[in-house]
Amino acid sequence: MTTTTLPTYDEAIAGFEPVIGLETHVELGTNTKMFCGCPTDFGGEPNTRVCPVCLGLPGSLPVANKAAIEATIRIGLALNCSIATWCRFARKNYFYPDMPKNFQISQYDEPLCVDGYLDVEVDGKTVRIGIERVHLEEDTGKTLHVGGATGRIHGATESLVDYNRAGIPLVEIVTKPVPGTGALAPEVARAYVTELREVIRGLGVSDVRMEEGSLRCDVNTSLNRPGDEWGTRTETKNVNSLRSVERAVRTEIIRQSAVLEGGGRIVQETRHFSEETGDTRPGRSKETATDYRYFPEPDLVPLAPDPAWVESLRLALPEPPRDRRKRIQESWGLSDLDMQSVVNAGAVELIEETVAAGATAAAARKWWLGELARRANEAGIDLASVGATPAQVAELQTLVDSGKLNDKLARVVIEGVVAGEGSPTEVMEARGLAVVSDTGALTAAVDEAIAANPDVAAKVRDGKVAAAGALVGAVMKTTKGQADAKTVRELILERLGAS
Amino acid sequence: MSDLTRMTAAELAGTIAKGDASAEEVTRAHLDRIAAVDGKVHAFLHVDADGAINAARKVDAKRAAGDELGPLAGVPVAVKDVLTTRGVPTTAGSKILEGWRPPYDSTVVERLRDAGTVILGKTNMDEFAMGSSTEYSAYGPTNNPWDLGRIPGGSGGGSAAAIAAYEAPLAIGTDTGGSIRQPGAVTGTVGSKPTYGGTSRYGLIAFSSSLDTPGPCARTVLDAALLHEVMAGHDWRDSTSIPQAVPPVVEAARLGMTGDLTGVKLGVVTEFNGEGAEPGVLAAFHDALAALTKLGAEVVEVSAPHFQYALPAYYLIAPSECSSNLARFDGVRFGLRVGDDGNRSLEEVMSLTREAGFGPEVKRRIMLGTYALSSGYYDAYYGQAQKVRTLITQDFNAAFEQVDVLVSPTTPFVAFPFGSRTSDPYQMYLADLFTIPTNLYGGPGISVPCGLSEGLPVGFQIMAPTMADDRMYRVAAALESAVGTLTPPSLEG
Amino acid sequence: MAAISRDEVAHLARLSRLAVTEQELDTFAGQLDVILQAVARVGEVAAADIPPTSHSVPLTNVLREDVVINCLTREEALAGAPDVEDDRFRVPRILDEEA
């Protein structure tokens, strides 16, 4: 294997135009699975959420879940799609042990929703992402690979299958190819998934958590020289966070550009994204093209959504997130750029709820986009999963506003909250972090500092007020940072008659 | 007590209701008969004697308590081994399911239990219901009680032979291309395929999902109707189940038994009235037509030009669906696993398992179906077969504008000797030439004995419009009243 | 001319996960050829504008309410399995994703 030096992103994109496309799978939050009455709740003991149907036992038959059909239609409507007046499920045939029947009930050439779009904002511009189709299928079970070094399939000696997840309704949303985004392609991809997530969350049909796998993304990327036809695309799987969506496109653009610049050819293939390294690697190559032998699912009769029903679902759609954001942006008084960063961080609802819990918009934004965003980024998780709730953030701000915490202490309190030690007040008390505001104790500390540093004290007395900093530092040290620096300073100057 | 086994189901139900015999006595009589003759017939793959006695005792207890009993309470029934029975081995005639005990009952079996019938055991069949002779059962063929050297029909040869041999008064079959009717014809019994969607497929191990239909097997038309009413009706677990009332088949059978068919119009399918059938079969068929005419029926010829394409269409649609339905037999969640030596990969183990677990006919059909569904071939094969299916349905609809029911011989030939059609699979497929159109259309069809040819039974098929199952029962019962039932030679000695 | 070659049958066997023997390949190739020639007769029917029938029942929208129904117990679920480890179905190492 030869090692080549990869170009920078700017170098890579300079000579090419990218075309991207995204396939997103969303697990619906229905009570029961797609084709049987087993519950969908997360985290049960292995093989305890299964029945003859989702285990694919001989003789069992599927019956479609009405709530899942409805949720899919609502997603389609929210994405401005046309809803099929008649369509069928199809069997996608291939052998894999996480699929109990060795076929997946999906939709093939007759998806429930087609031809829509979603507008996203990138760099202050609106990009319209075409939606090819939205269809419904069933999820697979979970396979645990044993015996390999990393728990991966490669090198494993055996695998263990749990079918609890098998049959959970899965909505697949496929975009049309998106050309013309230029160097912004990675940001557009991320903005699309972010916006899609907002839309679906707003509908209340899924918790759309990427790290729990209820929202999963495959990213298609190709490059072409300006004026040329679109290039061969690769499909990158295993893209499991918003940040990774952006990184996966960026990485693939850099990789493809290097191949093409080197006179090579892009192979149409599936690649796997690594969250750790941020690069993509080819899946095992397939010796023959996959032939899924799709045919209409004979065990399920066609769907023919009544137009009146579809219309009633349309009328009941929530306010589109984009409209809502505009409204919110105005009421919070944010610039476009500030609002964009709030959206990109996935913080709109969090801030909204924090405001609802009593904080000012500015304070809420400061916490969510500052300390909490930093922590989420470090942990590689979504902001919503960082471990603090909007109510807790509002409570924290109240503690700051009332002077019980200073900024520095508040950050320490957050650490405790995120670690699950309790509410901000509980953490503050348990860790003994409250600002030392009792003047008696503070005065004693100040006097101690003055006594211990007679030279500095003399300078301050002589009017060199700036020298008081050293005394403040000494007081903060003895109070372990739990004093308000401003108060300490005032107290020192007062004691030394320099105020 | 041995004459209990000679009674019809209707008679047995009356006997039990009156208290002339207990359900347990009736059950034991049949278990004894099985013990005596099944060594020769091999109709059963599994006899559930304990389960049967327990079920019979429950009926007797209910009767003693004065509870109301259903019309077939206490009557024994044999169930084709393609329907799941909770805790009782279910193999579909395949090695791949040897020893499997399903954790659930099929809907049909659940209804049989609820009705107080007594399930004697599971009957032999061609593997996964693919075949017309039971020669493709992994557990050896069933022998025709009329001539133990001949086939009992298939795939449900075990169910038909069990009732022909008086091992059970009733049996359940499933019919995908004729698997109830053709065995009925060659064993001199009544076999009825209800309207597709009229009986639940939940728990029926699927061969071809869009065609499979459970139905009753019996020695008389009335018995078949009684069993039909117990097993049929809407089931929410089967999305293709029709949410309508069961057609009044028992009432229709009783009406037919009066022997009056005045005003009933029978259509003889031109395309099925000559070519392909043995002369003796055609002769018996025409004698039956004459008998029906005497009862007041009007016989006209109707053309169904696309019926000639039914067999080819069927042998594309059924294998295609089966190639997908049988993919789940992979040695992961249930059933046989072969070759897992710690070195082989899953794909190798799966392939060895399926190679060892499936018989030749099943493999042929899986590969045929895989081929017909492949991209590049789909339109010419599977897609075209589904269009032919539409045309056949249109033929039926046009025919039923003119006549009340269509009639034909059930199968072109009487029971053939073992081994005579296994070397050329397509020769075996011809056994279902006349029964297949009905499956593609989805309507009901019944086979009722109409006489003998060369000393072997001939079946008369009556086909009706969808959800008009009652019509065919009326005509079948009338024919039975005219020609009588058939009694096979004794199996004793 | 044969409708299907021995190589095609071998490919079908692989797609169908059937480890057929060389002898079976010969037999099946001949038999499938006869059957395919016979069923190819469906092509004789002019059906260009005829809609296909996938279901014979005239039903649509057969749906279930989103209400939980009792599952199998884990013991029931695993009872029929050829091999179980840690309450899961054990399978040999998986080589290919799909072929």
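Start by selecting Met467(B): it has 20 C-beta neighbours inside 10 Å, so it counts as buried. Bear in mind as you click around that this is a predicted model. Met467(B) sits in the loop between β11 and α16 (469–483) of chain B. Check its backbone too: phi of Met467(B) is near 60°, a positive value in a residue other than glycine.

Next, select Glu454(B). Here phi is near 55°, again a positive value in a residue that isn't glycine. You'll find Glu454(B) in the loop between β10 (445–453) and β11 (456–463) of chain B. Is Glu454(B) buried or exposed? It counts as exposed, because there are 11 C-beta neighbours inside 10 Å.

Staying in chain B, jump to Gly154(B) and Ser155(B) and show the backbone. The peptide bond from Gly154(B) to Ser155(B) is cis, with omega near 5°. To get your bearings, Ser155(B) is in the loop between β3 (118–123) and α5 (157–164) of chain B.

Now bring chain C into view and colour the residues where chain B meets it. The contact takes 55 residues from chain B and 45 residues from chain C. On the chain B side, these are the elements to select, each giving two or more residues:

- α10 (310–325)
- α11 (346–357)
- α12 (360–373)
- α13 (379–402)
- α14 (425–429)

Which of them gives the most to the side of chain B that touches chain C? That's α13(B), with 11 residues. Switch to colouring by residue class, and the side of chain B that touches chain C splits into 26 nonpolar, 17 polar and 12 charged residues.

Last stop: chain A. Give each domain its own colour, using domain 1 (9–310), domain 2 (321–431) and domain 3 (439–495). The C-alpha centres of domain 1 and domain 2 of chain A lie 31 Å apart. Zoom in on where these two meet: 14 residues of domain 1 of chain A are in contact with 12 residues of domain 2 of chain A. On the domain 1 side, select β6 (113–122) and α3 (185–203) of chain A, the elements that give two or more residues to the side touching domain 2. The top contributor there is α3(A), with 5 residues.

Technical notes
Residues are numbered from 1 along each chain as its sequence is written. Chains are lettered from A and ligands numbered from 1 in the order in which they are written. This is a predicted model: local features need pLDDT of at least 70, side-chain atom pairs count only at pLDDT 80 or more; totals for chains, interfaces and linings use all residues. Two residues are in contact if their C-beta atoms, placed from the backbone, lie within 7 Å. Helices (H or I, at least four residues) and strands (E, at least two) are DSSP runs, numbered from the N terminus. Ala, Val, Leu, Ile, Met, Phe, Trp, Tyr, Cys and Pro count as nonpolar, Asp, Glu, Lys and Arg as charged, and the others, Gly among them, as polar. A residue is buried if 20 or more other C-beta atoms lie within 10 Å of its own, exposed if 12 or fewer, and partly exposed in between; C-beta atoms are placed from the backbone. Domain bounds come from an automatic or database domain assignment.
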